[in-house]
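Here is a short briefing on a two-chain model. Keep the structure open while you read.

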There are 2 protein chains.
Amino acid sequence: MATLDEVLARIDANQEAALKRLFSLLEIRSISADPAYKDDCEKAARWLETELSSLGFSASVRETAGHPMVVAHAKAQRRDVPHILFYGHYDVQPADPLDLWESDPFAPRLVQGEQGQRIVARGAADDKGQLMTFVEACRAFIETGGLPCDVTLLFEGEEECGSPSLPAFLAQHKPDLVADLAMLCDTNMWDRDTPMITTMLRGLALEEVIITGATRDLHSGLFGGAAVNPIHILGKIIADLRDDTGRITLPGFYDGVEELPDEIAQQWRALGLDERSFLGDVGLALPAGEAGRSVLEMIWSRPTCDVNGIIGGYTGAGSKTVLPSRASAKFSFRLVGAQDPEAVLESFRSFVRARLPADCAVEFIRHGASPALTLPFASELLSRARRALQQEWGKEPVLGGSGGSIPIVGDFKRSLGMDALMIGFGLDDDKIHSPNEKYELKSFKKGARSWARVLSALSG
Amino acid sequence: MATLDEVLARIDANQEAALKRLFSLLEIRSISADPAYKDDCEKAARWLETELSSLGFSASVRETAGHPMVVAHAKAQRRDVPHILFYGHYDVQPADPLDLWESDPFAPRLVQGEQGQRIVARGAADDKGQLMTFVEACRAFIETGGLPCDVTLLFEGEEECGSPSLPAFLAQHKPDLVADLAMLCDTNMWDRDTPMITTMLRGLALEEVIITGATRDLHSGLFGGAAVNPIHILGKIIADLRDDTGRITLPGFYDGVEELPDEIAQQWRALGLDERSFLGDVGLALPAGEAGRSVLEMIWSRPTCDVNGIIGGYTGAGSKTVLPSRASAKFSFRLVGAQDPEAVLESFRSFVRARLPADCAVEFIRHGASPALTLPFASELLSRARRALQQEWGKEPVLGGSGGSIPIVGDFKRSLGMDALMIGFGLDDDKIHSPNEKYELKSFKKGARSWARVLSALSG
């Protein structure tokens, strides 16, 4: 078996051919949302199957009710090495508005950017460029003697339209897909020089509240002052949920929320995020969360309570002197650590009921609940991945979080019992889902090298 | 000039003919909202013109952009008597749903009710029956020697569709309409045995608040916890506007709000309103206003702050993890006594601004402001009217309020500088605007007698 240096040298030597391969994948208009591109999605799946088969993977295109999956397996040279399931997606977002593109979104090209060359095309970063970094790492291993880990690849073609076929596919093909660890690549670096491993995904609990007072809408002149107004009740609930320091007042809400280990807290502080600039991008200036917490904590490691929608009474133009019979609001809680979504929702319902006048009724509609997903900071696999990335980039990778959920990670955890290691080489300015999407050539090249180092490190 | 007793006897003797006259007015389908009945509205106006002319009024039908007005004048026998402007409307609500009527809504008939006979027809109570009580009182005076006051009658044909032509008509015909006192008849008795004079109409100030945070809707995962949520700000404003006792916390809000005179407060207490039943009719049980206040105070003599509508974020089915860029609510304040609508709105805007984070914006949209209208309890004209009603009904009339506004009263005050005396003989169960509208025969007969007594009393 070759040394890691030989593998890395192979990646470097393959660079031009790798780019050509990526370009031919980028040329395929695999827009999953638009039925007009159904054949293109099939074509992209076939392209991957052919590519992986040529590398010696046992690869196949698997039909689903929607666009097909590509599943491929290859064994390591050695036995008793970890088995990795790598996930990516070959489908892309629609390219419109086309007139905002500086060139054909499906005619990939290299463009000189301010800090090096970049690959411009729909899907360059999301996710074809990212997934090919892993494939190229596998290629280099295979061409120099063999893979260091058992590898299963799973590429889906419906990620951009909500992965409707994926959960059932995982459940049905569990024996074919289960591995020691899942790896995902559609995340970003901290910045262009600093890699990041996403170790925390916040959970989410959603509950709609509908409050009913009178049996019908009332005239605010005839009843105003005497009849209860459900909008006022909602207002009080919303206000009471937060104290003056921004802390959520729901009893037991912070059970299972732990402070960051000192090492991580220190790392986040050292990142020196420009909070004004982060919020300034969307026209804001003041962090709105818990007093004394940094913005990174607010969006990565602290739980939230938000109202995502509210409606009641007359909402058209002008005015109407109505006391509405009912009003409703959609509440959501982003969860972290070991917070129990069911306990949070139960506490929330009690909180609402405690503020409900005896002559009003409340209906709760559940819109889902999933816990946070955290890769333990002390995990040995994580330590190995950190060292590997540090060696490639010369900088300690950020152990970051994601404030939003990545459903596939929850699916892997629930369906296949696997933790996920999320490493990606995208940048925040890659314009995914927008015109002129790009992927840095440096990301593509060092991404493949990074995966080679990570796979090598994981194999022990 | 005849004695009051002779006039009352005349009313009694005219009773059968009076009912015939009312029925012929009720047969006219003067539905103002439906253009198909334009000629019927014209016909009702002409009917009134003819009727009043035959009594010796100088009566005329006056065209407007909509349905015509009827204006009629008659002088008293004596000079130096008060000049009264009596207002009513000859138009009626549409009669549908027709299948819920027990008989043709425009074929008036007498029906035996639980407590006496009733006139059943569309417009029986609202407002043809009520306005004819006044006309019949005038007839009895004229037939027995002459009116005790100068009388101007103003009957409009667009009350049921918002009186669009009225304000301009008042302004244009001010010299022809101005009098010492306006009288209105489309109010109710306290109950079937107790007359009521409505002396207080609450004012109304309306202001919409639109709060904007981020420049665009945000993903609640990526920004949740760090970015401000305009719905939360609205929630806090709504909650802060009221303390735990239901008192409105707006600075200066209660300036101009006076306690009821002891006599009135005692009268209201003695009425023994069944608060549970009042609220029970609309499915409620608990008065929602200021602690320690009766329901009558809450709806008649105390000011309110209500949210008539609220909207923000995602309000469709299911859930969407969005932090909305903006949220808005329509606030209204019912005003009493000498509360200044402009001062209330100014205080409200300051209250909102004080709760607005520095990086958010607020837009206010004004939807109107009008002060409360109160007939001074100490007014001599009011005292005379009270005595007159007491003599007819054998019970002290309730000096009541109306929680809603009656726009015409404000128009009389603003355009013509006149206070209004509101006396009507409708009952809460008259089903105005609904199928099987009725007017108690007792209301019709004693209503005319009441007006005779009031006119006589006002003339001194």
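Two strands pair if DSSP finds at least two bridges between them. Strands (E, at least two residues) and helices (H or I, at least four) are DSSP runs, numbered from the N terminus. By these terms, strand 11 of chain A and strand 11 (residues 304-313) of chain B run antiparallel, joined by five bridges.

The model is predicted: local features need pLDDT of at least 70, side-chain atom pairs count only at pLDDT 80 or more, and totals for chains, interfaces and linings use all residues. Residues are numbered from 1 along each chain as its sequence is written, while chains are lettered from A and ligands numbered from 1 in the order in which they are written.

**How the chains are related**

**The interface between chains**
- 66 residues of chain A are in contact with 66 residues of chain B. Contact requires C-beta atoms, placed from the backbone, to lie within 7 Å.
- Elements of chain A giving two or more residues to this side include helix 7 (230-240), strand 11 (304-313) and strand 13 (326-335).
- Strand 11 of chain A supplies the largest share, nine residues.
- The side of chain A that touches chain B has 30 nonpolar, 26 polar and ten charged residues. Ala, Val, Leu, Ile, Met, Phe, Trp, Tyr, Cys and Pro count as nonpolar; Asp, Glu, Lys and Arg as charged; the others, Gly among them, as polar.
- 100% of the interface residues of chain A are also interface residues in chain B, so the copies meet through the same surface.
- In strand 11 of chain B, B:Ile310 stands opposite A:Gly312.

**Domains of chain A**
- An automatic or database assignment sets the domain bounds. Chain A has domain 1 (4-201 + 373-458) and domain 2 (203-257 + 303-370).
- Their centres, taken over C-alpha atoms, are 41 Å apart.
- Five residues of domain 1 of chain A are in contact with six of domain 2 of chain A. On the domain 1 side, one is nonpolar, four are polar and none is charged.

**A sheet in chain A**
- Three strands of chain A form an open sheet in the order 4-5-18, with antiparallel pairing.
- Strand 4 (109-113) and strand 18 (438-440) of chain A are the edge strands.
- Five bridges join strand 4 of chain A to strand 5 (residues 116-120) of chain A.
- A:Gly116 in strand 5 of chain A is the bridge partner of A:Gly113.

Conventions
Contact = placed C-beta atoms within 7 Å.
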